[in-house]
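Trainee: Could you take me through one part of this model up close? I'd like to look at the pockets.

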Amino acid sequence: MTDAVPLDRIDRRILHELMRDATLPVSQLAERVGLSQTPCWKRVQKLEATEVITGRVALVSPEKVGLHLTVFVEIEAADHTPEWRTAFAAVVKDYPEIVEVHRMAGEVDYLLKVVVTGMAAYDALYLDLTRRLACRNVTSKFSMERLKATTALPIGTAST
């Protein structure tokens with residue numbers, strides 16, 4: 001785990017604006033955060049260099065591209081050895097449908113977010129995943145409706 005990078009009010013405002021729209025030209029971004037273009041751009045570059053900003057992407061509506069089913073998959077590890085964890089990490093990387101993987105505390109060991117075209121596609125992934133990886137238990141939970149989805153983190157714009 002990396003240490004938090006100290007962010008002042010302007011850095012937080014830059015991040016706030018970029019999380020809302022990463023396509024903003026530097027001139028508009030600078031205006032919104034109260035800087036001239038060069039200092040604003042230098043701050044953006046520093047945020048990238050310190051890996052506060054890890055990338056810039058287009059957000060795509062899953063439904064508009066035919067991905068109509070979101071499944072949250074709870075996995076209980078077959079064992080807790082370093083070998084199993086390494087095998088697990090390698091296997092889940094092979095599936096582009098698995099868009100998030102979290103190691104958990106509590107009753108389940110891992111939580112996966114899977115996005116697929118439908119039930120048949122999920123069933124194929126499930127069968128292949130459980131063939132390739134020994135698990136104590138796999139539980140699938142199907143999303144009925146997405147009520148909120150955001151990639152913007154709640155960093156606020158006040159200094160800390």
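Trainee: How do the residues of the lining of the largest pocket divide into nonpolar, polar and charged?

Mentor: Keep in mind that this is a predicted model. As for your question, the lining of the largest pocket divides into 15 nonpolar, six polar and six charged residues. The pocket itself has a volume of about 770 Å³. It is lined by 27 residues, and those closest to its centre are V60, P62, K113, R146 and A149. If you go by elements, β1 (69-77), β2 (98-103) and β3 (110-116) each give two or more residues to this lining. Of these, β1 gives the most, with three residues.

Now for the second largest pocket, which holds about 610 Å³ of space. Its lining is made up of 18 residues, with L18, M19, I53, G55 and T151 nearest the centre. Sorted by class, that lining has 11 nonpolar, four polar and three charged residues.

E17 is in helix α1, which covers residues 9-20. Its relative accessible area is 12%, so E17 counts as buried, the cut-off being under 20%. The side chain of E17 makes a polar contact of 3.0 Å with the side chain of R32. Leaving out residues up to four places away in sequence, E17 touches L24, L29, R32 and V33. So R32 shows up both in that list and as the side-chain polar partner of E17, going by the cut-off of 3.5 Å for a polar contact.

Terms used:
Residues numbered from 1 in each chain as written. Predicted model: local features only at pLDDT ≥ 70, side-chain atom pairs only at ≥ 80, totals over all residues. Heavy atoms only, no water. Helix = DSSP H or I, 4+ residues; strand = E, 2+ residues; numbered from the N terminus. Buried < 20%, exposed > 50% of the residue type's maximum accessible area, 1.4 Å probe, protein only. Polar contact = N/O pair within 3.5 Å; in protein donor to acceptor, adjacent residues only side chain to side chain. Contact = heavy atoms within 4.5 Å. 1 Å grid on protein atoms, 1.4 Å probe; cavity = no way out; pocket = protein on both sides within 12 Å on 5 of 7 lines; lining within 4 Å. Points joined across faces, edges and corners; volume = space filled by probe spheres on them. Nonpolar A, V, L, I, M, F, W, Y, C, P; charged D, E, K, R; others polar.
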